[in-house]
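Below are some notes for a colleague who has the coordinates open.

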Amino acid sequence: MTTPPTTTPPQAGQAAARAPQQDRSRATRRRLLEAAVECLAELGWNGSTVSVVAERAGVSRGAAQHHFPTREDLFTAAVEHVTAERLAAVRAHADELPAPGPRRTEAVVDMIVRLYTGPLFRAALHLWVAAATEEPLRERIVALENHVGRVSHRAAVDFLGVDESTPGVRETVQATMDMARGLGLANLLTDDSARRAGVVRQWARVLDATLGAAG
């Protein structure tokens with residue numbers, strides 16, 4: 001007796017076909033997000049059109065607009081995506097920090113400052129400037145920065161191992177974030193790394209003494 005050929009149920013075949021398509025879609029979206037940050041950092045808001053980003057990502061403008069219908073959608077999603085990835089990478093290396101003490105405090109301050117001195121910060125800054133005069137963009141950027149600020153602040157508190165319920169601790173950690181942002185601004189036009197290293201060391205000593213007194 002002849003065994004009938006095995007057939008794949010239509011639903012299973014459709015699911016199998018969808019999987020590679022979804023993978024390609026995710027890969028395209030990722031390329032667009034990363035290209036958008038690169039363009040913002042290098043070309044600024046005015047030079048970073050959807051067409052320019054699509055060309056750099058190696059996709060058509062239509063494909064870009066399929067994923068991100070508006071320019072604002074693309075660039076706010078890009079900064080949020082890369083920020084989340086960088087924070088996740090930082091958290092993944094948290095177990096490599098020195099034991100609690102002055103060396104750990106300095107390592108954490110340096111880690112925070114590095115979040116504000118790379119291409120991502122430069123890209124975000126261009127968005128801030130554009131948002132100051134473009135109302136449709138402003139709401140998105142304010143919400144995004146509030147979210148990024150909360151997540152970054154929480155990461156700093158966790159890495160420093162401090163208790164925010166202690167008077168002065170929250171404000172001191174926030175001052176560290178603000179200081180890091182200022183160092184990022186100072187680094188935009190010239191290489192400020194030598195001066196920045198000294199500031200990081202001194203602020204870490206101040207921070208360690210302040211948090212120790214608060215504890």
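1. Fold pattern. Read from one end of the sequence to the other, the protein runs α-α-α-α-α-α-α-α-α. The count is 9 helices and 0 strands. Please keep in mind that this is a predicted model.

2. Overall dimensions. The radius of gyration of the protein is 22 Å, whereas a compact globule of 215 residues would have one near 17 Å. Along the principal axes, the C-alpha atoms fill a box of roughly 85 × 50 × 30 Å.

3. Burial and surface. Of the 215 residues, 38% count as buried. The protein exposes about 12200 Å², and carbon and sulfur atoms supply 55% of that area.

4. Contact range. Take the contacts between residues at least 6 apart in sequence: 68% of these join residues at least 24 apart.

5. Helices α6 and α8. A pair of packed helices is described by the angle between the axes and the distance between them. For helix α6 (residues 119-133) and helix α8 (residues 169-186), the axes come within 11 Å and cross at roughly 90°. Because 65 to 115 degrees counts as roughly perpendicular, α6 is roughly perpendicular to α8.

6. Residues of that contact. Which residues of α6 and α8 meet? On the α6 side they are Phe121, Leu125 and Trp128, and on the α8 side Arg181, Gly184 and Leu185. By class, the contact of α6 with α8 has 4 nonpolar residues, 1 polar and 1 charged. Gly is placed among the polar residues in this scheme, and Arg among the charged.

7. Val53. This residue belongs to helix α2 (residues 50-57). Is Val53 buried or exposed? Its relative accessible area is 0%, so Val53 is buried. Apart from neighbours within four places in sequence, Val53 is in contact with Leu32, Ala35, Ala36, Cys39, Leu74 and Phe75. Val108 is 55 residues from Val53 along the chain, and the two C-alpha atoms are separated by 34 Å.

8. His153. Helix α7 holds His153, and α7 spans 135-160. The relative accessibility of His153 is 4%, and the residue therefore counts as buried, the cut-off being under 20%. Not counting residues up to four places away in sequence, His153 touches Glu164, Arg170, Val173, Gln174 and Met177. Thr176 is 23 residues from His153 in sequence, with a C-alpha to C-alpha distance of 9.3 Å.

9. Val157. Helix α7 also holds Val157. Val157 has a relative accessible area of 2% and is buried. With neighbours within four places in sequence left aside, the contacts of Val157 are Val162, Glu164 and Val173. Glu164 and Val173 are also among the residues that His153 touches. The C-alpha atoms of Val157 and Ala194 are separated by 26 Å, the two residues being 37 apart along the chain.

10. Gly168. This residue sits in the loop between α7 and α8. How does Gly168 count at 33% relative accessibility, and why? Gly168 counts as partly exposed, because that class covers values between the buried limit of 20% and the exposed limit of 50%. The C-alpha atom of Gly168 is separated by 47 Å from that of Ala54, a residue 114 places away along the chain.

Methods
Residues numbered from 1 in each chain as written. Predicted model: local features only at pLDDT ≥ 70, side-chain atom pairs only at ≥ 80, totals over all residues. Heavy atoms only, no water. Axes fitted to C-alpha atoms, helices over the stretch in contact; angles between N-to-C directions. Helix = DSSP H or I, 4+ residues; strand = E, 2+ residues; numbered from the N terminus. Parallel < 35°, antiparallel > 145°, perpendicular 65-115°, else oblique. Contact = heavy atoms within 4.5 Å. Rg over C-alpha atoms; globule rule 2.2 N^0.38 Å. Buried < 20%, exposed > 50% of the residue type's maximum accessible area, 1.4 Å probe, protein only. Areas by Shrake-Rupley, 256 points an atom, 1.4 Å probe, with all protein chains shown as cover.
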